[in-house]
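Me: I'm new to this one. Could you take me through a single part of it up close, with a bit of the surroundings first?

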Amino acid sequence: MKFAETGFALEIDLSRGNIEKAPTDPKKTGLHLGGDGVAAAILWERVPPEMDPHSPANLLIFSAGLLAGTPVPGANRTCVSSISPLSNLHVNTSFEGFFAPELKHAGYDRVVIRGKSPSLVYVWIHDDKVEIRDAGHLQGKSALETTAILRKELKDPNIQVAAIGVAGENMVAQASIEHANSSVSQGVGLIMGEKGLKAIAVRGTKDLAVAHPDELFARCNALYGEIYDNPSCGDLLLSEDDKAWHVANLPWTAAEQRVKGFWEPELGQKWGVRVEREEISYQWENYSQEMEEVRETVVEKSELLRGTGCYNCPKNCHKVISLPGERQYFLKSYGKHAYAMAAYGDLKLNYDVLFAMQELGLDENAMVQLFAFVQDLQQAGILTENELPGFPADDMGRYLYLLKKVAHRQDIGAILAEGLCQAAGQIGKGAEAHIRGIKKTGQLPLKWKEAHYPSFLMYATGDKMDITQVEGSFPQLPIPDRKEREAFVEGWDAAPQRFKEWFLGWEPGQQLPLEAAVEIVDWNEAMHYGDDILGICPLLSSFRGQFGGRPPYHLNNLPQLIFLATGIELDVDGLLEVLRRNRQLIRALNAGRGQKRADEAISAELWENRNPEMEQQHLDAYYSFKGWNAEGIPTRETLDGAGLDHVSTALLARGILA
């Protein structure tokens, strides 16, 4: 009997209309545990390197984390894995909410989608009953509308849905897959649209067994309280008002008109929707003996209704707000901060724009980057009235203009919908110089005043495509006051001793030792890979170590939770071995698809006064530490030592390894 896993996967071929319930491979679980680890192994085996990511043969895999659906608080994430049409490389992105636990309770650890439907369809999973159904009536609907319609149609308000909007249907690169109060992008919405798949709806009523229920419940009850009381976990970026640091250090746009001093403390309090409308009424005026017109200005403001949490999590990271006109909206992670990160012109992305993106099924961060790209090209004279007919003068109007053009692939939107790197190539005239992405994705680096080499390594070499997936376990800046630094380190249970010593000795204006930068990145990667395979929210784990040094989950306590839930015995070194194996597998997968050292170049705007020689020294040291050759490809010895000898054999046969 399996514990924490169901032991089954759904294999769905949309071209043939075929559905199979397939037993999962226990060997893969032993090697990779779950989530994106197992998904990457499936992609390695079944998607050859010569296959075009746009091909119907490409796989789209929805994987529940190993601990999703168990009593472990905050273990609820779904990994979406594929080969990206944007980069031709492995892509993994994840969303929180309720989908993964529901999938487990329906009896499945993952859903593997291949093929392409001749018409728009959705997949309905209800325990052992699985169907491919016509979705013609859902065409053009938003993900929220789709969810509401399917719950009514299938007569169950507890159905969990992952769906695309009109942008996904039109195969837009910036399209998102939306679920409840969460979403994913990085090209996977495009793939879902290419397959003609509008949504996956799932309802599960089966029990999920765990190996040691009494001990697990006791530990998780205590953890639930610890997480609730921990001020340094959950989505602080959504709830706090002060965005000064993000405005100064998160220029996710490349526009030249960023406003210095944009942030004012009052801005955090004022941010919202305020609508003024004039009401006209009439009243009898005794003096004139006539009915006189009375004009009154009525002010309506947005209102925060409540915070909501994900499955089995005590944090209420997602905010439900009411807009003037009785419209309600889920304010998702990072959505509120798009305006602060943009910080140019008078652009303050209000709820109406965010709501429009959710309605169309477009990713908030990707569209901020796209808007800045278009602004840059317009200022440079590369895009003119010919390409942007009727382009509004005001920023808000311009944003809505571009949202509609891109989502519906109209005019310039048809080019931008291919992805910014691809669009720059089509536009020409020097547009390529305005691309700041890495590996043809929307991933953009932090912008520092001084060099920050751990960030350089994380962004240059990482295979993740989102800021919360490449950093977070080690503080980004030193603490100037020595006593405050010592207080931070005291009780920092997540960090190895040498990491504490490095942090204690790190003074403002200094660089961390090269050895420290390399090992910090390796450690941070391991934490993120742990979240990906276990289904744990990074806001409780890998992304929260930099904030207060007290993440609820870390490498020192995860092995016990894995054992109590699954019965798999691992110590810290054993868990690290699995996490590093998954890292090596994905690196090899990408090497097989042509990724080289030259692809790990970072935008010149990463920081001022760059030192290319020092950057290459860090890259050499990191490659050596990971057991990779000078091109950043895992060596045969490294792969064989990680239990991936079948991978090294394939790379040798292809001539990628000598």
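Reply: Of its 658 residues, 60% are buried, where buried means under 20% relative accessible area, exposed means over 50%, and partly exposed is in between (1.4 Å probe, protein chains only). Keep in mind that this is a predicted model, where local features need pLDDT of at least 70 and side-chain atom pairs count only at pLDDT 80 or more, while totals for chains, interfaces and linings use all residues. Residues are numbered from 1 along each chain as its sequence is written, and side-chain values use heavy atoms, with hydrogens and water left out.

The chain has 25 helices and 17 strands; these are DSSP runs numbered from the N terminus, with helices (H or I) of at least four residues and strands (E) of at least two.

Now for the close look: strand S3, residues 60–64. Five of its five residues are buried, so S3 is largely enclosed by the rest of the structure. Leu60, Phe62 and Ala64 are buried on one side of S3, and Ile61 and Ser63 are buried on the other, so to speak covering both faces.

What sits alongside S3? It has strand S6 (residues 110–114) as an antiparallel partner, joined to it by four bridges; two strands pair if DSSP finds at least two bridges between them. Within that pairing, isoleucine 61 faces valine 112 of S6. Strand S4 (residues 78–83) is also antiparallel to S3, again over four bridges. Here serine 63 has cysteine 79 of S4 as its bridge partner.

Last, the cysteines. There are zero disulfides, counting a disulfide as a pair of cysteine sulfur atoms within 2.5 Å. For cysteine 310, the nearest cysteine sulfur belongs to cysteine 313, 6.3 Å away. Cysteine 310 is buried at 12% relative accessibility, whereas cysteine 421 is partly exposed at 24%.
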